[in-house]
Amino acid sequence: MHLSTRRAARRRKEQEAAVAEQLALASRPCLTNLPEDLVLKVAEQLPHASLPKLGSTCAMMQRVVHSGVLWRDIGPFPTTVACCMSDNALAKLLTRVNARASTTSISLTSCCMVNGSGLAPLAGSTVLRSID
């Protein structure tokens, strides 16, 4: 067998293996294979504290996490999060999720480090109904 024939056969085999790997990956169950509105329904079941990690996984999850739907009602936060929540962290969160336009209620019970300045991103909101 000539050297060029062996190289061509090796390249063909590598290409076939790459295609087989792509097909195997595509056939695996994956959250990103679902329609975005269905992924949003799944994300609605998660605690708010886990959403930033979900949003950091890929572009689709980032769009889902930053959807105003997930941030209509913020809190109450788990004690482990509430005791560490600062006004700076709260302001960043409210800005990131465009809370001014989507949040209707926020509960900061047990957020002992929040004095109120972190609520500044909500100023001028026409949808906010309650702050606890």
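The model is predicted, so local features need pLDDT of at least 70 and side-chain atom pairs count only at pLDDT 80 or more, while totals for chains, interfaces and linings use all residues. Residues are numbered from 1 along each chain as its sequence is written, and side-chain values use heavy atoms, with hydrogens and water left out.

The pLDDT is the predictor's confidence in each residue, from 0 to 100. Its mean over the chain is 86, and 92% of the residues reach 70 or more. Helices (H or I, at least four residues) and strands (E, at least two) are DSSP runs, numbered from the N terminus.

Let us return to His48, which lies in the loop between H2 and H3. Leaving out residues up to four places away in sequence, His48 touches Leu70, Trp71, Asp73, Ile74 and Gly75; contact here means heavy atoms within 4.5 Å. Ser50 is also found in the loop between H2 and H3.

Next, the sheet. Three strands form an open sheet in the order S1-S2-S3, with parallel pairing. Strands S1 (73-74) and S3 (130-131) stand at the edges, each with a single partner strand, so one side of each has no neighbour in the sheet. Two strands pair if DSSP finds at least two bridges between them; S2 and S3 pair over 2 bridges. Ser105 stands opposite Ser130 in S3.

Which residues touch the most other members of the largest nonpolar core? They are Trp71, Phe77, Leu90, Leu94, Ile106 and Leu108, in a core of 26 residues. Helices H2 (36-43), H3 (51-55), H4 (59-65) and H6 (87-96) each give two or more residues to this core, and the largest share, 4 residues, comes from H4. Such a core is a set of buried Ala, Val, Leu, Ile, Met, Phe, Trp, Tyr and Cys residues joined through side-chain atoms within 4.5 Å. Buried means under 20% relative accessible area, exposed over 50%, and partly exposed in between (1.4 Å probe, protein chains only).

Finally, leaving aside neighbours within four places in sequence, Leu108 is in contact with Phe77, Leu90, Val114, Leu119 and Asp132. Thank you.
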